[in-house]
Amino acid sequence: MAESNSKSKIDTAREWIIEHKLRSVGCLWLSGIAGSIAYNWSQPGMKTSVRIIHARLHAQALTLAALAGAAVVEYYDHKTGAKSERYAKFLDSNPHKE
């Protein structure tokens, strides 16, 4: 049985997303465009150019939603002070201090 103080998978994923906001948005965009292309290719009677345009539009909407989510996380971190604590830890451990 896991200890009560160990982090859950959701907490671990949340921390990774907070640390790598742009990477997670990029991964979401890539998976969105791949899924949209796969879906559009299964639709008969569409020209290839229309399929690609639809995939780009779907991925663009998904990216905007992900960026909005990242902005909400950034606002929440700023409001709670979690971001400043993270940077303070980094600055205290910096060996290049004068």
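**Rings and helix packing**

Reply: We begin with aromatic pairs: the structure, which is a predicted model, holds 0 of them.

Me: How is a pair of aromatic rings described?

Reply: The description uses the distance of the centres and the angle of the planes. With 0 aromatic pairs here, there is no such pair to describe.

Me: Which charged end sits over the ring of W41?

Reply: That of R51, placed 5.1 Å from the centre of the W41 ring.

Me: Now the helices. At what angle do the axes of α1 and α2 cross?

Reply: Helix α1 covers residues 9–19 and helix α2 covers residues 21–41; their axes cross at roughly 100 degrees and come within 5 Å. Angles of 65 to 115 degrees count as roughly perpendicular, so α1 is roughly perpendicular to α2.

Me: Which residues meet there?

Reply: From α1, W16, I17, I18 and E19; from α2, K21, R23 and S24. Sorted by class, this contact of α1 with α2 has 3 nonpolar, 1 polar and 3 charged residues.

Me: How do α2 and α3 pack?

Reply: Helix α3 spans residues 48–80, and its axis lies 8 Å from that of α2, at an angle of about 155 degrees. Angles over 145 degrees count as roughly antiparallel, so α2 is roughly antiparallel to α3.

Me: Is the crossing of α2 and α3 left-handed or right-handed?

Reply: α2 passes α3 in a right-handed crossing. The contact of α2 with α3 has 13 nonpolar, 7 polar and 5 charged residues.

Technical notes: Residues are numbered from 1 along each chain as its sequence is written. This is a predicted model: local features need pLDDT of at least 70, side-chain atom pairs count only at pLDDT 80 or more; totals for chains, interfaces and linings use all residues. Side-chain values use heavy atoms; hydrogens and water are left out. Axes are lines fitted to C-alpha atoms, for helices over the stretch in contact, and angles run from 0 to 180 degrees between N-to-C directions. Helices (H or I, at least four residues) and strands (E, at least two) are DSSP runs, numbered from the N terminus. Angles under 35 degrees count as roughly parallel, over 145 as roughly antiparallel, 65 to 115 as roughly perpendicular and the rest as oblique. Contact means heavy atoms within 4.5 Å. Ala, Val, Leu, Ile, Met, Phe, Trp, Tyr, Cys and Pro count as nonpolar, Asp, Glu, Lys and Arg as charged, and the others, Gly among them, as polar. A crossing is left-handed if the near helix is turned anticlockwise from the far one by less than a right angle, and right-handed if clockwise. Rings of Phe, Tyr and Trp (its six-membered ring) pair if their centres lie within 6.5 Å; planes under 30 degrees apart count as stacked, over 60 as edge-to-face and the rest as tilted. A charge sits over a ring if NZ of Lys or CZ of Arg is within 6 Å of the ring centre and within 35 degrees of the ring normal.
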